[in-house]
Structure formats: C-alpha cells, structure tokens
Amino acid sequence: MQNIFSGFQATPTHEAVEELLRSPHVRIERIVSNGQASPEGFWYDQDESEWVAVLEGRAAIGFENGEAVELSAGDAITIPAHTRHRVLWTHSEQRTVWLAVFY
C-alpha cells in the first residue's frame, strides 16, 4: 500500500518527482514542490497529453499563448500534447502535491 501524501519531501532547492506507474500508454507521477518554478525561458513541450491535479497546496501554470491558470487543492487541468507550458510558481510556505497522468 502507498500513501500519496507521505514518504516524499521537497525542499526549497529540490522538487521531488516519483513515477508511480508506467505502462505502454500511461505514466503517472507524483510531484512534490516547495516554491519551485520552471526556469526563466524554459517551456515543457511534451509528446504526450497530460492531466495534472493539485492534491495539496497551490500553483500556477503558464502557457505560451499568455494564458495562466492558478490551481488549488482539488483543481485539475488537461494539457494537450505539444502545448508549450511552464510552472509559474508553487506555494513557497506549503508543499504542493501534484498528480500527473501522461497519456
């Protein structure tokens, strides 16, 4: 048995990423952030679509088209493949726990 909220800690200098499941068509990751953001000028441009949910904490995702989405606990968003995006910020005083499903 595994608890999604325990056993993994992020620090202000280290974001924690753990692959929970991988199959030929799906990958699930748990990401724990503590104030991290994407480096300036960096964009994710993934071959897979991504469904991501914030389970705890808060964060914002920015898109190349200028749109920004703030996420709080319980919020989820689908990011189609090759949609350039970046993490604008994650809460710096409370960990942010993400569940990311790539398909």
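Arg30 is in contact (heavy atoms within 4.5 Å) with Asn3, Ile4, Phe5, Ser6, Gly7, Phe8, Ala16, Val17, Glu18, Leu20, Val97 and Trp98, leaving aside its neighbours within four places in sequence. The model is predicted: local features need pLDDT of at least 70, side-chain atom pairs count only at pLDDT 80 or more, and totals for chains, interfaces and linings use all residues. Residues are numbered from 1 along each chain as its sequence is written, and side-chain values use heavy atoms, with hydrogens and water left out.

Arg30 belongs to strand S2. Strands (E, at least two residues) and helices (H or I, at least four) are DSSP runs, numbered from the N terminus. With a relative accessible area of 2%, Arg30 is buried. Buried means under 20% relative accessible area, exposed means over 50%, and partly exposed lies in between (1.4 Å probe, protein chains only). The Arg30 side chain makes a polar contact with the side chain of Glu18, at 2.5 Å. A polar contact is a pair of N or O atoms within 3.5 Å; within protein, one must be able to donate a hydrogen and the other to accept it, and residues adjacent in sequence count only if both atoms are side-chain atoms. A polar atom of the Arg30 side chain also lies 3.5 Å from the backbone oxygen of Asn3. From C-alpha to C-alpha, Arg30 and Ala53 are 9.9 Å apart in space, and they are 23 residues apart in sequence.

Strand S2 is part of an open sheet of five strands. The order is S1-S2-S8-S3-S6, and the pairing is antiparallel. Strand S1 (16–22) and strand S6 (76–79) stand at the edges. Each has a single partner strand, so one side of each is left without a neighbour in the sheet. From one strand to the next, the twist averages 20 degrees. Angles run from 0 to 180 degrees between N-to-C directions, and axes are lines fitted to C-alpha atoms, for helices over the stretch in contact. Two strands pair if DSSP finds at least two bridges between them. S2 and strand S8 (residues 96–102) run antiparallel and are joined by seven bridges. Within S8, Trp98 stands opposite Ile31.

Gln46 sits in the loop between strand S2 (27–33) and strand S3 (50–56). Gln46 counts as buried because its relative accessibility is 15%. Its side chain makes a polar contact of 3.0 Å with the side chain of Glu50. Not counting residues up to four places away in sequence, Gln46 touches Ala81, His82, His85 and Phe102.

Another open sheet has three strands, in the order S5-S4-S7, with antiparallel pairing. Its edge strands are strand S5 (68–72) and strand S7 (85–90), and each pairs on one side only. Here the twist averages 25 degrees from one strand to the next. Five bridges link S5 and strand S4 (residues 58–63) in the antiparallel sense. Gly62 has Ala68 in S5 as its bridge partner.

Arg86 lies in strand S7. Arg86 is buried yet has no salt bridge. A salt bridge is a side-chain nitrogen of Lys or Arg within 4 Å of a carboxyl oxygen of Asp or Glu. The nearest side chain of opposite charge is Glu40, 4.3 Å away. Lys and Arg count as positive and Asp and Glu as negative, while His and the chain ends are not counted. A polar atom of the Arg86 side chain lies 2.9 Å from the backbone oxygen of Ser38. Beyond four places in sequence, the contacts of Arg86 include Pro39, Trp43, Tyr44 and Ile61.
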